[in-house]
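Subject: Structure handover and notes

Dear colleague,

Please find below the structure that I promised to pass on to you.

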Amino acid sequence: MDPRARDHNGSVPTKPTNKKPQVTAAPARRRELLDTAAEVFAEQGYNATTVRTIADHAGMLAGSLYYHFDSKESMLEEILRTFLDELWDGYDTVLDAGLGPRETLEALVTESFREIDRHRAAVAIYQKESKQLAVQERFAFLAESQRKFEKAWLSTLERGVAERVFRADLDVRLTYRFVRDTVWVAASWYRPGGQHSPEEIARQYLSMVLDGIAVREEQQEHRST
């Protein structure tokens, strides 16, 4: 080493840097900001939402928001990953439980409504934006999750048909699409803390899907006697 590179104390001087120190939000504050961003994305749409809009809703300057997140893309990614990670924690627990096909379907539906209760805004964003976002490399995990989701539901329905729990003439792909869309669309009207718990909504939904809404013949006969 060139001795001229040392300072008068004999140590190698450090190179000055203009890089600002990274500021990390406390977990509670970070969660609060992400919840605010999720609500704005869900209401206004991702493309129409700016960092300034999110900051306004959070009661802070846009520049201050950049101390916590480097872009609105980062915020959206964390919102969706958090939702999907929790969803798959619940789904994997159900799928690994060794339940029968009907019980598996019931548990998957119930877990879905619980996730809507926990992450209503994130579900709404996923419903509206995932198809467009999934083609971007940063959000490729959305397409992978969708493939896993489809496989989980189709295999459950196919197992139910094979085990004669569900009708032999059931179109499993059509049924999957119907259940998928009718469950997740609840994010557009469901509000946490409302009259019905997610478990109660799941029970009512499953009753309609699995048993129908018409009175059964034996019930009609019982009423007429």
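A word on accessibility comes first: a residue is called buried when its relative accessible area is under 20%, exposed when that area is over 50%, and partly exposed in between, as computed with a 1.4 Å probe on protein chains only. This is a predicted model, in which local features need a pLDDT of at least 70 and side-chain atom pairs count only at pLDDT 80 or more, whereas totals for chains, interfaces and linings use all residues. Residues are numbered from 1 along each chain as its sequence is written, and side-chain values use heavy atoms, with hydrogens and water left out.

**The chain as a whole**

The secondary structure comes to 10 helices and 0 strands, where helices (H or I, at least four residues) and strands (E, at least two) are DSSP runs numbered from the N terminus. Of the 225 residues of the chain, 37% count as buried. If contact is taken to mean heavy atoms within 4.5 Å, then among the contacts between residues at least 6 apart in sequence, 68% join residues at least 24 apart.

**Helix α9 and its partners**

Helix α9, made of residues 198-211, has 14 residues and spans 19 Å from its first C-alpha to its last, close to the 20 Å expected at 1.5 Å a residue; that expected span is 1.5 Å times one less than the number of residues. Which residues of α9 are buried? They are Pro 198, Ile 201, Ala 202, Tyr 205 and Leu 206. These residues cover an arc of only 130 degrees around the axis, which puts them on the same side of α9, the arc being that of the directions from the helix axis to the C-beta atoms. The buried residues of α9 pack against α5 (101-118) and α8 (172-184), and just after α9, Gly 212 takes a positive phi of about 80 degrees.

Thr 110 has its place in helix α5 and counts as buried because its relative accessibility is 16%; leaving aside neighbours within four places in sequence, Thr 110 is in contact with Glu 199, Ala 202 and Leu 206. Arg 114 also lies in helix α5, but counts as partly exposed at 29% relative accessibility, and, when residues up to four places away in sequence are not counted, Arg 114 touches Pro 198 and Glu 199. Glu 199, found in helix α9, is partly exposed at 36% relative accessibility, and its contacts beyond four places in sequence are with Thr 110 and Arg 114. The C-alpha atoms of Glu 199 and Phe 113 are separated by 7.2 Å, although these two residues are 86 residues apart along the chain.

Angles under 35 degrees count as roughly parallel, over 145 as roughly antiparallel, 65 to 115 as roughly perpendicular and the rest as oblique.

The axes of α5 and helix α7 (residues 140-162) come within 8 Å and cross at roughly 150 degrees, and α5 and α7 are therefore roughly antiparallel to each other. The contact involves Pro 101, Thr 104, Leu 105, Leu 108, Val 109 and Ser 112 of α5, together with Trp 153, Thr 156, Leu 157, Arg 159 and Gly 160 of α7.

The axes of α1 (27-44) and helix α6 (residues 120-133) also come within 8 Å, and they cross at roughly 40 degrees, which makes α1 oblique to α6. On the α1 side the contact is made by Ala 38, Glu 39, Phe 41 and Ala 42, and on the α6 side by Arg 120, Ala 121, Ala 124, Ile 125 and Lys 128.

**A residue in a loop**

Arg 164 lies in the loop between α7 and α8 and counts as exposed, at 77% relative accessibility. Its phi is near 60 degrees, a positive value in a residue other than glycine.

Notes
Axes fitted to C-alpha atoms, helices over the stretch in contact; angles between N-to-C directions.
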